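Please look through the sequence and the structure shown here before reading on. The report that follows describes the fold step by step.

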Amino acid sequence: MIKRISTSVLATTVLTVAGVSAASADTARGWERAAMSVPAAQTISKGEGVTVAVLDTGIRTDHPALKGRATEGPDYLKENDKSEAWYGEHGTAMASSVLDVAPESKVLGLRVIRDNDDPDYQGGSLNNPDALSQAIIYATDHGADVISMSLGSRTSWGGYSEKDLTAIDYALSKGVVVLGAVGNLGDKNDGGDNGISYPSAYPGVITVAASVPDGSRASFSSVHSYVDIAAPGVSIYEADHRSSGRKSGEGTSAACALAAGVSALIVSKYPDLAPRQVEQVLEKTASHASRGYSAETGYGVINAQAALQAAAKLTPEKTVLTGETGVGLHFGPGDDGTPKTFDQGVDSANVGIAVFGAFATLFSILGGLWLFKSGRRLQRQGANYGGPGGSVAYPQYSAHPVPPQQYPYQQAAQSTQNPYQQPNPPHE
């Protein structure tokens, strides 16, 4: 799921799909590591010396999957909920996935969103609309090498935040690799609207889609031209915050956390590579990079071993801001050379609805014009021939003419200011 961290939209959620589909229930436990060639990659790097900041719902540092390898920073929701049974459900699961891939790395947990069972979740209470941007800056200033964000906005518009973008730009300028989950709104049969989701849509963020064992897109994974790569997102064997064990989970959240773990392997072995270079090696070595780009899964499923081997051949580049020419343009030809547009086909149902609506509107306009002209014609006939509406038929009105009435909406129109003339409120 997701949770929005903006005053304009109170709808940010974690990106885990509730329940496990029947199709994924038969998947072998722990398949995700093999699918990304993690065992082979761990012979090259295990993430030593790297800190991955997990910006999420908080973490339970005493869980066996995290113990001794995780710390927790400030709660940017400004709460005191750590003793609650529901605390850290999603964040703990994500942290375990990072550590499964990069076992010698460290996790820094920062709470910026609420778990589904949090009583304040349904009410949309955020307490701090700047939680995400503040956490990104904190993580950058406190040693994070990778930032993992399995969260995002649930709306088609309104999720953009200038402060969040500025914070991401700051992290990238300091050499921090930033990843985001694309979102779980891709299945229209399940009510998804495939809306744009932030922070994954910001330039410079490595956007991760969810894949199934055959490498194709998980049905819930959103489809966008800013998707960079994919990682396993169904039947993920992740930490259960309510016990000392594990459970099966799915969502683009899990895919993002696994990709963050692979990024940690690369940064650990080659710490001088710029974030842009880490993104490039992930893309160029992914499962269908040679066949080209897809807005469903980017360049395909991550191959951690191949990415590490490719990274060994790179000369470190200067770290640059996403605002500089040629870098991080996800809404256009991206920093990975992807074209401006992609043909995703036509949704015939939506096209049919749109055509029907257009014709209905056209007929309404034509009908209104016909009625207007007919009324004017009848008025002229009444005035000239004493018909209905003329002075002969209604002499009392002609004898005592009624003063013309003021247009009933005129006063309101004069006293109400145009809302579009007001300055836009400052970004949070």
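Predicted model: local features only at pLDDT ≥ 70, side-chain atom pairs only at ≥ 80, totals over all residues.

In which sense do β3 and strand β4 (residues 106-111) pair, and over how many bridges? The two strands pair in the parallel sense, over four bridges, where two strands are said to pair if DSSP finds at least two bridges between them.

Residues are numbered from 1 along each chain as its sequence is written, and side-chain values use heavy atoms, with hydrogens and water left out.

**The chain and its sheet**

The chain has 13 helices and eleven strands; helices (H or I, at least four residues) and strands (E, at least two) are DSSP runs, numbered from the N terminus. Of its 428 residues, 47% count as buried, a word that means under 20% relative accessible area, whereas exposed means over 50% and partly exposed lies in between (1.4 Å probe, protein chains only).

Seven strands form an open sheet with parallel pairing, in the order β3-β4-β2-β5-β7-β8-β9. Because β3 (70-75) and β9 stand at the edges with a single partner strand each, one side of each is left without a neighbour in the sheet. From one strand to the next, the twist averages 25°, the angle being taken between N-to-C directions, on a scale from 0 to 180 degrees, of axes that are lines fitted to C-alpha atoms, for helices over the stretch in contact. In general, strands of a sheet pair through backbone hydrogen bonds, either parallel or antiparallel.

| Strands | Sense | Bridges |
|---|---|---|
| β3 and β4 | parallel | four bridges |
| β7 (residues 177-181) and β8 | parallel | three bridges |
| β8 and β9 (residues 229-232) | parallel | four bridges |

Strand β8 (residues 206-211) deserves a separate look. Six of its six residues are buried, so β8 is largely enclosed by the rest of the structure. I206, V208 and A210 point one way from the strand, while T207, A209 and S211 point the other way. T207 in β8 stands opposite G180, and V208 has I229 of β9 as its bridge partner.

**Helices and the core**

Helix α6 (residues 131-141) and helix α7 (residues 162-173) pack at an angle of about 10°, with their axes 8 Å apart. That makes α6 roughly parallel to α7, because angles under 35 degrees count as roughly parallel, over 145 as roughly antiparallel, 65 to 115 as roughly perpendicular and the rest as oblique. The contact (heavy atoms within 4.5 Å) includes L132 and I136 of α6 and A167 and I168 of α7.

The largest nonpolar core has 93 residues, and those with the most contacts inside it are L55, I147, M149 and I266; such a core is a set of buried Ala, Val, Leu, Ile, Met, Phe, Trp, Tyr and Cys residues joined through side-chain atoms within 4.5 Å. Helix α8 (residues 252-269) gives the most to this core, with twelve residues.

S263 is placed in helix α8 and is buried, with a relative accessible area of 0%. Leaving aside neighbours within four places in sequence, S263 is in contact with V146, V177, L179, V278 and L282.
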